Amino acid sequence: MDDFDPAELSDERLAVRFSLDSCRDCGLCSQSCPSTRHGGIDPHEVVRGLIDGRPEEDVWDCLLCYICDDVCPVGIHLPLLITHLRYRSAISGEAPQRFVRGAKSFLKEGRGFPAGPRTAKLREEMGLPEMQNGDRAMRELGKVVSRTRFTHE
Ligand code: SF4
Ligand code: SF4
């Protein structure tokens, strides 16, 4: 974005913007998080990391399921915070390749995964029509991409 200020994504600014000092350290977010349960991201550690200036959790392990958002007693919007941290990671060129591939596929074909012969076979078995990239849909996607500056570097 032309007017985007990377400082907005500093630990300090994010901590203020998301009112992280209101965290009660109750741990409910982490106890409810399916990713934490399977060795992934620990949302309470994300909050503590930003407050204490410790290394971050791997924000790309978040499933964006919003469970932590529902259970937080003080209303800290963890999924949105994690989305900001992902953005920070992406503009630093640190997004995992699997996400970069998905984004490229989305821009090219309108979906976040390549539709190869396996997809075609599965669709056929399920009685679904052949997958097509409608010109109109791709034009509309182009408008969304342009307006949201999805491709800005
Ligand atoms: S949104 Fe992310 S951090 Fe929150 S509960 Fe779901 S997986 Fe965990
Ligand atoms: S649920 Fe909310 S208050 Fe509790 S540890 Fe997580 S972020 Fe902090």
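## An exposed serine in a loop

Ser19 is exposed, because 12 other C-beta atoms lie within 10 Å of its own. The cut-offs are these: 20 or more other C-beta atoms within 10 Å make a residue buried, 12 or fewer make it exposed, and anything in between is partly exposed, with C-beta atoms placed from the backbone. Ser19 sits in the loop between α1 (11-17) and α2. Its phi is positive, about 50°, although Ser19 is not a glycine. Most residues other than glycine have a negative phi.

This is a predicted model, in which local features need pLDDT of at least 70 and side-chain atom pairs count only at pLDDT 80 or more, while totals for chains, interfaces and linings use all residues. Residues are numbered from 1 along each chain as its sequence is written, and chains are lettered from A and ligands numbered from 1 in the order in which they are written.

## Two further residues

Leu64 also has a positive phi of about 50° without being a glycine. Leu64 lies in the loop between α4 and α5 (67-71). It is partly exposed, because 13 other C-beta atoms fall within 10 Å.

Arg118 belongs to helix α8 (residues 117-125). Arg118 is exposed, because it has 9 other C-beta atoms within 10 Å. Phe106 is twelve residues from Arg118 in sequence; their C-alpha atoms are 18 Å apart in space.

## Overall layout

The protein chain has nine helices and zero strands. Helices (H or I, at least four residues) and strands (E, at least two) are DSSP runs, numbered from the N terminus. Two domains divide the chain: domain 1 (6-91) and domain 2 (97-148). Their bounds come from an automatic or database domain assignment. The C-alpha centres of the two domains are 30 Å apart.

The C-alpha trace spans about 50 × 40 × 25 Å along its principal axes. The radius of gyration is 19 Å, whereas a compact globule of 153 residues would have one near 15 Å. That radius is taken over C-alpha atoms, and the globule rule is 2.2 Å times the number of residues to the power 0.38. Buried residues make up 14% of the 153 residues.

## Around the ligands

Ligand 1 has 15 residues around it; Cys33, Cys62, Leu63, Cys65 and Cys68 come nearest. A residue counts here if its C-beta atom, placed from the backbone, lies within 6 Å of the molecule. Helices α3 (34-37), α5 and α6 each give two or more residues to this shell. By class, the shell around ligand 1 has 13 nonpolar, two polar and no charged residues.

Ligand 2 is surrounded by 14 residues, with Cys23, Cys26, Leu28, Cys29 and Cys72 the closest. Helices α2 (28-32) and α4 (43-52) each give two or more residues to this shell. The shell around ligand 2 holds ten nonpolar, two polar and two charged residues. Ala, Val, Leu, Ile, Met, Phe, Trp, Tyr, Cys and Pro count as nonpolar, Asp, Glu, Lys and Arg as charged, and the others, Gly among them, as polar.

## The largest nonpolar core

The largest nonpolar core has 17 residues; Val46, Val47, Ile76, Leu78 and Ile82 touch the most other members. Such a core is a set of buried Ala, Val, Leu, Ile, Met, Phe, Trp, Tyr and Cys residues joined through C-beta atoms within 7 Å. Helices α4 and α6 (78-91) each supply at least two residues of this core. The largest share, four residues, comes from α6.

Leaving aside neighbours within four places in sequence, Ile82 is in contact with Val46, Val59 and Cys62. Contact means C-beta atoms, placed from the backbone, within 7 Å.

Note on methods. Contact = placed C-beta atoms within 7 Å.
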